[in-house]
Amino acid sequence: MSTRWFGQPIPRVEDERLLRGAGAYLDDLGHDALAAAFVRSPHAHARITDVDVSAALDVEGLVAIYTYDDLPDRLAEPLPLLIPHPTLTHGRTPYALARDKVHHVGAPVAMVVAEDRYLAEDAAERIAVRYEPLPAVVGIAAARAAAHLVHEDVPGNLAARMTQSTGDVDAALAAAPHVLSLDLAIERSASTPLEGRGVLARWDAEARRMRIWSSTQTSTGVRAAVAAKLDLPLVDVDVITPDVGGGFGVKIMHPWPEEVLVPWAARLLARPVKFVEDRREHFVASAHERGQLHSVRVGFDDDGRLLGLDVRFWHDHGAFIPYGLIVPIITSTQLLGPYKPGAYRVTFDSLYTNTVIVTPYRGAGRPQGVFVMERVMDAIARELGLDRTTVRERNFIEPHEMPYDHGLVFQDGRPLIYDSGDFPASLAKLKQLVGWDDFEQARETARAEGRRIGIGLACYVEGTGVGPYEGGHVVIETSGKVKVATGLTSQGQGHQTVFAQIVADELGVPLDDVEVVTGDTRRFGYAVGTFASRAAVMSGSAIALAARAAKEKALRVAGDALEANPDDLEIVDGVVRVVGAPGAEISLGTVAVLSNPLRYAFDTAAQAATQFASGDPAKPPVPEDDEPGLEGRDYFSPMQSTFANGMHAVVVETDPDTAEVKILRYCVVHDCGTLINPRIVEGQIHGGVAQGVAGALYERMAYDDAGQLQNASFMDFLMPYASEVPSSVEIDHLETPSPMNPLGIKGAGEAGVIPGAAAIASAIEDAEGIVLTSMPISPSELWELRRSKETG
Amino acid sequence: MKPAPFDYRRPEQVDSAVEVLGTLGSGAKVLAGGQSLIPLVSMRLAHPSALVDINRLRELDYVRVDGDVVRIGALARHARVLADPAAGAAQPLLRQALRLVAHATIRNRGTTVGSIVHADPAGEMTAVLALLGGSLRVRSSRGERNVTAGELFLGPLESDVRDDELAVEAALPVLPPSSGTAFVEVSRRAGDYAVCGVAAFVRLKDDGAVAAARCAYLSVAPTPLVLELTDQAADPRAAGEAARAQVQPEADLHASADYRRALAGVLTERALTQALAAARASGAAAA
């Protein structure tokens, strides 16, 4: 038997190349390209009264300056509203360059193209834009108050109000023996990948074709948008994703203004043009997420069982809403976690503010929802004097209740039905892993030493692998090597490794013989993108199906050659052989030769497929219903998402004097169905936990009342260093296979981040005896909370 | 984040550097490690007309103990000063402070004299100079002068080094007998500018009583603040209370003013406790 690669914790095949510095990121390409830089608004809200470029014109190396007035046809229309929704009654999207008004600091006003980026910035600095400042709407309170409007034609700053419910919440709360009200807040953060956005475009004037490289999470999305905006046939636009230095959601948004402006300029100037976003731009001109306020009423019985849950929340989506309502819809559905809420009603308002737009950031609305639900669980435990795990256990959906239908609509427009999961088993594992039942002893020991420690936990369920579809293409070449392509992109997930593991198993070939290409529309033109923890589920499944199709054909062709029934054949290490008949074998490469009837031999091996060497004279060389070559292509499109879950427990120590918070232990129990590569899954968890810690203790977007982002650098935006994240994350896996796809897998990309703020809040609360209602929390804020508790 | 055009000079000797500075006028800035200057220039928050790169002035790349003074040349990187055994033995506060200066990659480029001239009230080395009463030697075509710590720090990011002057050396007294130092700080992330930091110096009399004690503070005042705490130091908690009463910090993105003030008290207590212990150990070793 050959090795089974699926499930093996093999090292990533990508790493040697990347760690040796041989990666090619966007800015490593296009050294011959002109550089674009942007004049960006210094005001959160203002009317543009004049743009004077005259002082910039004598900058040596300047090639062109463009403002809104230069934009032709469809480029002059607002950028697309990507995901419309019936409740999104007042959806507004920006123009590629500001027209008359700016709506947030960082909005692009003019594009400068010059021989290099230094010169482009020199010219940009000299462009004088006159603004007439307007009142800025900053923060949810101001947006709700609506004393000023972000868009004159959007009353109340309200883009959408959406309600979902099951059961009669009002009756349930009226009848409940206990009712609690909580107000809970999560602040803004952002994806902040180490590589910002970037795009390079080359226009081939002779072929009238556009080739674009973009640091994106969706090459097919960018392709469609550019073709539409520039009025080009789709077949004449190629979009290629080079190595991408992280995405975390911000790069699923498309087209960015720069993604359509740069190709347009490249065509106009007949020269390659490149834009590479710098860090300061990334803070004010990309996307943020997480900012939400929640007001909750919960009714429960004497045992802590939920009877009714009424959630009202307000989502700050920034100045425009191109990505639609995905984030608040996820919050409103995934808030339920592993629990049965009794009657449930959720209503959210999605509000405009004069700040950077919101697009999903790893976790995508779930960290907020989980924070809300887990704060509710802790509040019930406190109210009834129950252990926090007991309250959770009593509200779990039981394994025998799967599939569990919540009676709500999920972010993909499909029903919210959990396909599988064993929550009691997960919690039992977590309690054992962290030593939950022995913690009081540890607390007493610490207290005797003058130290304060606390323990917390949080549980979540995550819908992963959303549709509509992905596809895969597998070609076995005459060399015996296998070339695999899928349309979605990679930003560091290790797709080349896990997809190769899948194909190597399906085909019976050595792992090293499998090469995977992602995110290149020249290789695969139909795709959605990499987001929502969907790549392994969607493309992994599609590639498995494609490999099965290729294998079926290989066995058929080999069966003809070996005069054997395909059912009696197996493929081991790239060789097709007759089971139980040693020596009756043929290499996959030779099968590939035979699969393609030739007139002309291109090498000695190929002679076997030429017209005087092979073929049944009774049949056409390529039979009806067949194709030349050894290929498989297939698509995977599930009925609905598949639901992964996990539970985190954390032990913290708080300094009695300085209020610094130190994470002593971080434990994770994780169920993402069948594991393709445990090492990669654990890497995803590590990265997610780091971002969870970031959202709990460090990162926030500090806007002042005028809409200026005061911490737009890594000096003041506190992305944690390696020194701030737990030095080890203790992980235990549970594998309940998904029935929704051929491999039994569920997504794992976002999981680690989701319960971070909730679990850490629970632990700090446990250490301090202070109720926490908003995250993140800094030592200064914890110290102030202590003081208000002391002074009553 | 690309700098605007500037003139670039890279003299090979101190004399020519000083001459270049004398001719360039007020728009020129000295480039040593560049760890503060380059980001400011790249973000176009600073617009120097010229950068005078002193990285070729090998004659300024030294750390030496010269009698009762530790001398640090203008091209000595933090990492080199941190690793210098003689300087570390002669003045332990150097190591105690330098390990808190940013991160290893920054210490490999950034210079100790450069960070002193930068005069950031959140900088560890400005506090060290202020606490120990060190001085800076500056040279221009007009000659040389010594600037004491008391005269040097004029305001946040503003030091008394004139446009035509090159800081060539920082001088710090070695640790006297029966003395001890400590440096403690609270920062949001390891290596970040401190939310509050305290450097402490204690000297004991022969009978073990406190002869002198003072603390220098980061991030609580526009310039490095030094508090005289000789009378309180025997009881660090009381000294902490005294410090808390005397500092007037401001709020920023990372901390409230009251929290900073509380930290000043807590860290004073911790720093003095450590410095006292070090001083006692030093006295015991001498006896």
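1. Basis. The model is predicted, so local features need pLDDT of at least 70 and side-chain atom pairs count only at pLDDT 80 or more, while totals for chains, interfaces and linings use all residues. Residues are numbered from 1 along each chain as its sequence is written, chains are lettered from A in the order in which they are written, and side-chain values use heavy atoms, with hydrogens and water left out.

2. Extent of the chain contact. Chain B gives 26 residues and chain A gives 33 residues, where contact means heavy atoms within 4.5 Å. About 2600 Å² is buried between the two chains, 55% of it on carbon and sulfur atoms; buried area is the accessible area (1.4 Å probe) that two parts lose on being put together, summed over both. B:Met1, B:Arg188 and B:Arg189 supply 29% of the area that chain B buries against chain A, more than any other three residues.

3. One salt bridge joins A:Glu125 to B:Arg44, with the closest N and O atoms 2.8 Å apart.

4. Make-up of the chain B side. Strand E11 (179-187) and helix H11 (257-286) of chain B are the elements that give two or more residues to the side touching chain A; both are DSSP runs, helices (H or I) having at least four residues and strands (E) at least two, numbered from the N terminus. H11(B) gives the largest share, six residues.

5. Domains of chain A. The domain assignment, automatic or from a database, gives domain 1 (32-134 + 191-285), domain 2 (135-188 + 289-396), domain 3 (421-464 + 643-792) and domain 4 (467-636). The centres of domain 1 and domain 2 of chain A, taken over C-alpha atoms, are 34 Å apart.

6. Contact of domains 1 and 2. Domain 1 of chain A brings 31 residues and domain 2 of chain A brings 32 residues. About 2500 Å² is buried between these domains, and carbon and sulfur atoms give 64% of that area. On the domain 1 side, A:His90, A:Arg92 and A:His103 lose the most area to domain 2, together 24% of what that side buries.

7. Salt bridges between these domains. The count between domain 1 and domain 2 of chain A is three salt bridges. A:Glu152 forms a salt bridge with A:Arg47, the closest N and O atoms lying 3.6 Å apart. Helix H7 (residues 279-285) of chain A gives the most to the side of domain 1 that touches domain 2, with three residues.

How values were computed: A salt bridge is a side-chain nitrogen of Lys or Arg within 4 Å of a carboxyl oxygen of Asp or Glu.
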